[in-house]
Amino acid sequence: MSTTIAKAYDPRDVEARWYSAWMENGCFAGRMEKGKEPYSIVIPPPNVTGILHMGHVLNNTLQDVIIRRARLEGKAACWIPGTDHAGIATQTMVEKHLRETEGKTRRDLGREEFLKRVWAWREEKGDKILRQLRELGCSCDWERTHFTMDPAYSRSVLTAFVRLFEAGNIYRGKRMVNWCPASLTALSDEEVEMRPTKGFIYRIRYELVEPVGEHTHVVLETTRPETIGADVAVAVHPEDPRFSQLIGKQVWRPLGERAGIPIIGDRAVDMEFGGGALKVTPAHDRVDFEIGQRHDLPVLDCLESNGILNDIAGPELAGLDRFAGRKRAAEVLRESGALLEEKPYENNVGHSQRAGVPIEPRLTWQWWLRYPKVEEAKQVVRDGIVKMHPDRWSKVYLNWLDNIQDWCVSRQLWWGHRIPVWYAKGLERDSLTEADLRDPSKIHVSLDGPPDPENWEREEDVLDTWASSWLWPLATLGWPDAGAQERDGFDTFYPTTTLATGADIIFFWVARMIMAGLEFTSPDLPMERRVPFRHVYFNGIVRDKQGRKMSKTLGNSPDPLDLIHTYGADGLRFGLLQIAPLGQDVKFDETRVESGKNFCNKLWNACRFRQMSGPMADNGSPEAILSRIDPARCDDDDHAILAALLDTTRVLERGFAEFEFANATQRLYSFFWNDFCDWYVEVAKTRVQDETARDHVLALQDLVIRQFLLLFEPFAPFITEELWHLLGYGDDKSFLQDTRLESAETLAAALAGRGLEVEAAASDRVGRLREVATLARQLKAEQGAAQKRDVVFQVLADDASWGGLAPHASKLARLVGAATLERTSAEPALPAVVTPLGTLYLDTGEKVDPAAERARLEKERAEVEKHIVGTDKRLSNQAFLNKAAPSVVEGARRQLETLQAKRDEIDRLLAAL
């Protein structure tokens, strides 16, 4: 039963009301239903203390569109939400709050009390982003919400560690890591961001302990003079003739403890850089460390973990921050005469992604993971078991796996999953060997700890946050607890169907999840059942109109909630997806969100106009609507709108299959605005006045609107649900999502079953009429007569063209705002335009300006000529002719003929002037 549609659409009222109704009725529950194909998605878990930004809006809108479409297709849809504990980010936030409010550090509180504070912070601030996603309309199964520090999830994380340790994949070693002096923890390579950094390069003289012939010193260049105190050698290339006599000699260290350090030959040295010599500081550079290993050099560390220089740096530098120490080192070297030159220099410096400070290469004891199932992880992508969209990311993924390094999984934090390792009391940890790690009298590794805890000390470090989220598709479905897996539908929803995420975490997360899935599922299962997902959709980054990444610092990121309040959630969703091509970055433009809102208003007004045009009959089923359509009364416009509806349905079917959502949204827009509202509704106005045709025309409009609401619902769920009920398509006991969306094939068959075979040729005929109308309006506008309705159009056309135009002359005249549209055999001296059905002359009743008319025609001719050249170039391209479908090639040839005919007609009009 339909209800009167209000004059204006109010998104706020509609959105709040319907989301509440969906939640109360369990519309988003991921149920295990027999006979239904499962479709599952896991949300990329946002940081627990995060707030909604435009990247979240794009990513989660895409996921919601996908899962809502799956429901309409009758699938058992399940979208699992949750949040990540975000070890570094959350701990840093709480520590900052402690300093600002209490003047304390975490160590002042102690581990247990500090963790209580973090949990309290999480309870107060956490999950805000999940509440914000509801305002966007996200249809997650909120009953399944997970948090990576929940007890069950934590147990799955520790289970994975124990199993990998027992399999020999996890070991403890002292190796060079990326160290964050702000967060005081190791970072993986993927957590380091290379940034262009402006600084200085220093040219420094190292005096030889004993001169060699004319050689009294070696000159080298460095960007880090503050680490000279930790130099243990100067390296040169063994084949560099400039230094061949100096290898084996010594130079004085120019800062720190004055000591002679050797000159060594190593092929890692670039003979072209910095004069060909390299200061070797194994504790502070990866390359230097490797050189030191090859030459058995000592390791001196002049930096504390917090970036403060120690005594090894020298008395002048000890106690200074590393950057202040750099300036002071330059001053000391300058005073001693060792600094020869200081010049501006820009290079890429690794920064902590989270803390934003330059990282330090640092030699520390850490826990490492030898990645499992690497070859299998390559195979599943190569074989198409896991498909990436766009496919170019497959190469990036495979390249990373080909060059994969062991993963540093330990972090020097308190917030996170504490590593389940216990050391025997009194054990000297720094001397542990690989054999010691496997000795149960020295090391205990288990989920619940040793039976005699008083004799053991637990590892202080926690696991890398990504060492928990790599289990997300598994742990959110109950793994490894068999009972939980059965309860959560592991066998139904794993593997998940689609993962939608950003390409920036393809290594952090996507690749690791694939390896985890292959490692922790049964090896007896086929690969297709072991991977965590079948499709990976990589959405782009949302940038501003200048192409800059959005950030608080630049102030170029709008608050999504403000946009929702201004334009409505549907307007934001639809507007954003229209400018989000597959895998490409999105240049955000608020006017596109406004366009999304305007489209929703257009839909609302069109539905209201339909309601005002005549009585609402039974819209409860497609069969009821089809029964009111009279095939005998179908004219070209009816056939054309049905053909456009079927084509739009097919475009969306392809769009979802290929993850081309921008194409889908653009087709929805053009179909409803241009095909339906601007043409069909307008031409049908006179037919609606005819009592014999009215019911047929209104039924056809009801069918089109019904199918459009179903197609549009995943993109704009609120307004479609509201109109679905207002127009009587649904009752009080059901929701739009409960209806099955007919495929184009099914809809065409239903129409045929009613005796209505959609005539494709009708679309071509109507298309020509629409082009005539468009060109006529343009001509009126160019002549300053856009608002005049008493103008006369005269048509110079052959019999065939006039035959296609004459039956619609009065309709066209009404649509373009003219008194009449009539045939002429003469060539009047009037402004003209070439159309597919003849040349159209405009008589406004005013004198024509020949010069202005010539200028207009010449401009039009130039445009036509440009298109002729482009089309001709395509048809001359052998690659296009070989690769394009025959129908496409034939279409291009027809287009060229039409353009050439149009140019000839313009030439005739110019000659007539």
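## Helices α10 and α11

In this predicted model, the axes of helix α10 (residues 374–382) and helix α11 (residues 392–402) come within 10 Å of one another and cross at roughly 165°. Helix α10 is therefore roughly antiparallel to α11 (angles over 145 degrees count as such). The crossing of α10 and α11 is left-handed, meaning that the near helix is turned anticlockwise from the far one by less than a right angle.

On the α10 side, V374, A377, K378, V381 and R382 take part, and they meet S394, Y397, L398, L401 and D402 of α11 (contact means heavy atoms within 4.5 Å). Sorted by class, this contact of α10 with α11 comprises six nonpolar, one polar and three charged residues.

## Domain arrangement

The domain assignment gives domain 1 (31–160 + 466–539), domain 2 (192–352), domain 3 (590–758) and domain 4 (784–912). Taken over C-alpha atoms, the centres of domain 2 and domain 3 are separated by 73 Å.

## Aromatic pairs

A search of the whole structure finds 42 aromatic pairs (rings of Phe, Tyr and Trp, the last by its six-membered ring, with centres within 6.5 Å). F599 and F712 form an edge-to-face pair, with 5.4 Å centre to centre and 75° between the planes; planes over 60 degrees apart count as edge-to-face. F599 belongs to helix α21 (residues 590–613) and F712 to helix α25 (residues 691–712), so the pair ties together parts that are 113 residues apart in sequence.

## Basis of the values

Residues are numbered from 1 along each chain as its sequence is written, and side-chain values use heavy atoms, with hydrogens and water left out. Local features need pLDDT of at least 70 and side-chain atom pairs count only at pLDDT 80 or more, whereas totals for chains, interfaces and linings use all residues.

Key. Axes are lines fitted to C-alpha atoms, for helices over the stretch in contact, and angles run from 0 to 180 degrees between N-to-C directions. Helices (H or I, at least four residues) and strands (E, at least two) are DSSP runs, numbered from the N terminus. Angles under 35 degrees count as roughly parallel, over 145 as roughly antiparallel, 65 to 115 as roughly perpendicular and the rest as oblique. Ala, Val, Leu, Ile, Met, Phe, Trp, Tyr, Cys and Pro count as nonpolar, Asp, Glu, Lys and Arg as charged, and the others, Gly among them, as polar. Domain bounds come from an automatic or database domain assignment. Rings of Phe, Tyr and Trp (its six-membered ring) pair if their centres lie within 6.5 Å; planes under 30 degrees apart count as stacked, over 60 as edge-to-face and the rest as tilted.
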